Amino acid sequence: MALSIQQLLKTYDSPDGGSVTVLNVEQFHIADGEHVALLGGSGTGKTTLLHTIAGIVTPDSGSIAFSWDGISTELTSLSEAVRDVFRGQNLGYIFQTHHLLPGFTAMENVLLGMSFTGRKADRAWAKHLLEEVGLGSRLNYQPAKLSVGQQQRVAVARALASRPRLVLADEPTGALDPNNAQQVLDLIRKLCTEVGASLLMVSHDHDIAKQLPRVVDLKELNRT
Amino acid sequence: MNLLQIILKQLRQRSLSTVLTILSVALGVALATAILIVQREGDKLFGQSEFGFDLIVGPKGSKLQLVLNNVYQVSEAQGTISYAVYEDLATRLRREVRWMTPIATGDSYRSHKLVATQPKIFETPELAAAREEVRKQFEQTRAIVEPAIDPARTPTLPVPVNSPALPQLFALQQQFDAAGKAGAAFDPEIKRQFEAASKHAMELVDLLATSEDRNAVTKAGQQVLDAVGGALSLIGGPIEPRPGRPFAFAQGRGFEADKFECVLGAEVAEKLGMKLGDSFQASHGASEEGKADEHAHDEKWVVVGILEPTQTAFDRIILIPLTGFFAIPEHGTALEAMAQKVAEYREAQKAETQPPATAPAPAAEPAPAPATQPADEHDEHDEHDEHDDDHHHHDHAYELIDGRIALEVPRENWKISSVLVKSRSGQSAMAVIWDYMQTPDAMAVNPAQEMREFTKTFLRGSSLVLLLLAVLVSVVAAVSILVSIYNSIASRRREIAILRALGATRTRILSIICLEAGVIGLIGAVLGVGLGMGLAAIASAALDKAMGEGFNWAHLSGGELLYFAGAVVLAVVAGLVPALKAYSTSVADNLIAE
């Protein structure tokens, strides 16, 4: 799925009564199936950008358009409820911290990723994903029984569970040691390729970011 | 994962709070269910119109006590009425009566009441045949007597000597004797009615042949009709504790009218482990289960029959013949005073033991039968209550001739507790009730009406208060659902945000929380209904123990199902408050917050 952003503006009210611009992106494009890294440190608006692309945050103005298989959708024209459904069906989201539901097993957390797609749960696909991330023997482990690296790998599997067309990854390796970080990055790329999803990953780590085919400096992209 | 799986997972995460909330719902629903079942079934049980009889004639006093005593066999009889009331019903009010039977109580055996009545209470082919025979007699009597006393058809008095009425009346009178003997086996009063009919028939013959007094002829003829009609109402039936369900024997047969025989209710036989041929001595008043009674009567009752269950209080009693009851001296009018004097006497006689001069032969062992005692020995004992100081006072109310009781208590001293009556129609019942309102010593009540009044004034009022209490408990339970889920929302904000990030809409989140409350309500309500039925079962068992009649606690009707549904809806509504809080949870803020 291709992503095209035009004149995107997002501001927040500041405590002193004024407003703070957190996003000001003139133009940004990802081709269908492309893997792109956004490189930027903290406070550069990378999480807000991903939330806006995911429809979690509504921009003040601008356009966020998705297109695939001859279909195109302008996200900002959708109601909140339709945006939620669109997100569930087309987007996968990987958070910096895993954000797994504590009372659910690894398998259930992955299945949860399919629960709001309107499609039937595919246990075989969920199991395949967990095997791909090396947790085939820990399907019924709850997050608390898994290491941080393993938890993040479950989160990767969950993001891919709905066979998304675009995966948004917010510092997916930020909480991991270099060895685990590399493994997780490799898994994300491998699985995105497997399902044919585009990938937009934000990271402050140059070494991680440069492994993707295209790296965009967030400072240049977001002119706040 | 579907919504229900997600909800159940969430509930399991907060298992302690979930269980406690479910229990609070269950408690409210259980209380309400039990109250509704008890109220409904209590209405049915106590307000039932399904009595085999629609009138109870008894001593003036509490109508409710008369009904409770006769229908549910609880509490002591509130007094006695003269046996003449029974005779009066059989003659003067015979046209209003389909069937009736006298009841006398006062003794018990191991906490089970002995209820004295007549053998006609047990419907048998022989009784049905005898009833048919009496019916024919009555029709025949009408066919002969009515024309004989009708001035239009018998215009001249005295009638000519060749009038066919005279030989017909002679023949009829002969039949009365035979019918009376046959009927006596079912109710000795039938024999007395036919004896009266026979006597009046002879008077009528005499008057028809010799007198010109039209009034005297009419009166004698009417007396014949009343007496035979009375016999018909006395043998009417079948007598049924519940409509269409006469007494049936599981084992044995009915007692005979003049023997110390008894028939056990189904529960008595089962509880006391008694069988045919067993015998026991009853004691006066309510004896305690398993305790020997020092005031036991000498007479031994032999079990000759065990009844099938009737699902009424009759299952808990022992039926005995009325003649046998009258034969026990303590059942006289001066009972209370006498009991005191007997106690004093026994105290005084502790030192010297004197064997009884004439002990009554047990009914189970009729042979060798004691010889008829000389009349002069008994004349002075007819009034048994005059023999306070006689150690053998038990022996002188009757004597046994070939194992059969020959009563020596004059009829005018016979007392009974009540008469169970099935009237011919609602109008007949009203007529009898009205009639006894005019008399000083007896009253007639409709048991169904009395019990309806009782349930209306007592049961419904108190159960309404309890039901309000149950509603309050349910409201508290709903509030506890609200508080429990509301508190959990605070700690579940991130979970909610994650679900939203995964594609759950706000409405979906609202549904999840409301359904979560609904599931708590549903599980609690299901448990509550089960628990409520259990409570009702306990109440039924207690009632069965106390009154011999339980109720159908396993049946749920509209009221309970409505409360069940109401509890679930209330739970969902209680879930709305936290659900709205979850609905407004900010996704971005809660995903970022660490």
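**Figure 1. A leucine in a loop of chain A.** Helices and strands here are DSSP runs, numbered from the N terminus. With that in mind, look for L75(A) in this predicted model: L75(A) sits in the loop between β5 and α2 of chain A. Is L75(A) buried or exposed? A residue is called buried if 20 or more other C-beta atoms lie within 10 Å of its own. L75(A) has 22 C-beta neighbours inside 10 Å, so it counts as buried. Leaving out residues up to four places away in sequence, L75(A) touches G55(A), I64(A), F66(A) and R83(A). Check A65(A) too: it is ten residues from L75(A) along the chain, and their C-alpha atoms are separated by 6.0 Å.

**Figure 2. An open sheet of four strands in chain A.** Trace the strands in the order β2-β1-β4-β5, and you have an open sheet with antiparallel pairing. At the edges you'll find β2 (19–30) and β5 (71–74) of chain A, each pairing on one side only. Ignoring direction, neighbouring strands of this sheet are turned by 15° against each other on average. Now zoom in on one pair: strand β1 (residues 2–13) and strand β4 (residues 61–68) of chain A run antiparallel and are joined by six bridges. For a spot to start from, take A2(A), which stands opposite S67(A) in β4(A). What holds such strands side by side? Strands of a sheet pair through backbone hydrogen bonds, either parallel or antiparallel.

**Figure 3. Strand β3 of chain A and its two partners.** Here the pairing is parallel: β3(A) pairs in that sense with strand β8 (residues 198–203) of chain A over five bridges. β3(A) also pairs in the parallel sense with strand β9 (residues 214–217) of chain A, this time over four bridges. Two handy landmarks are L38(A), which stands opposite V202(A) in β8(A), and V36(A), which stands opposite R214(A) in β9(A). Why is β3(A) described as largely enclosed by the rest of the structure? Because five of the five residues in this strand (residues 35–39) are buried. In a regular strand the side chains alternate between the two faces of the sheet.

**Figure 4. Where chain A meets chain B.** This contact takes 25 residues from chain A and 21 residues from chain B. On the chain A side, α1 (46–54), α2 (80–90) and α3 (106–112) are the elements that give two or more residues. The largest share of that side, six residues, comes from α2(A). What sort of residues does chain A bring to the contact? They divide into twelve nonpolar, ten polar and three charged.

Figure 5. Not counting residues up to four places away in sequence, A571(B) touches several residues, including V25(B), A478(B), I481(B) and G521(B).

How values were computed. Residues numbered from 1 in each chain as written. Chains lettered and ligands numbered in written order. Predicted model: local features only at pLDDT ≥ 70, side-chain atom pairs only at ≥ 80, totals over all residues. Contact = placed C-beta atoms within 7 Å. Pairing = 2+ DSSP bridges. Axes fitted to C-alpha atoms, helices over the stretch in contact; angles between N-to-C directions. Buried ≥ 20, exposed ≤ 12 C-beta atoms within 10 Å, placed from the backbone. Nonpolar A, V, L, I, M, F, W, Y, C, P; charged D, E, K, R; others polar.
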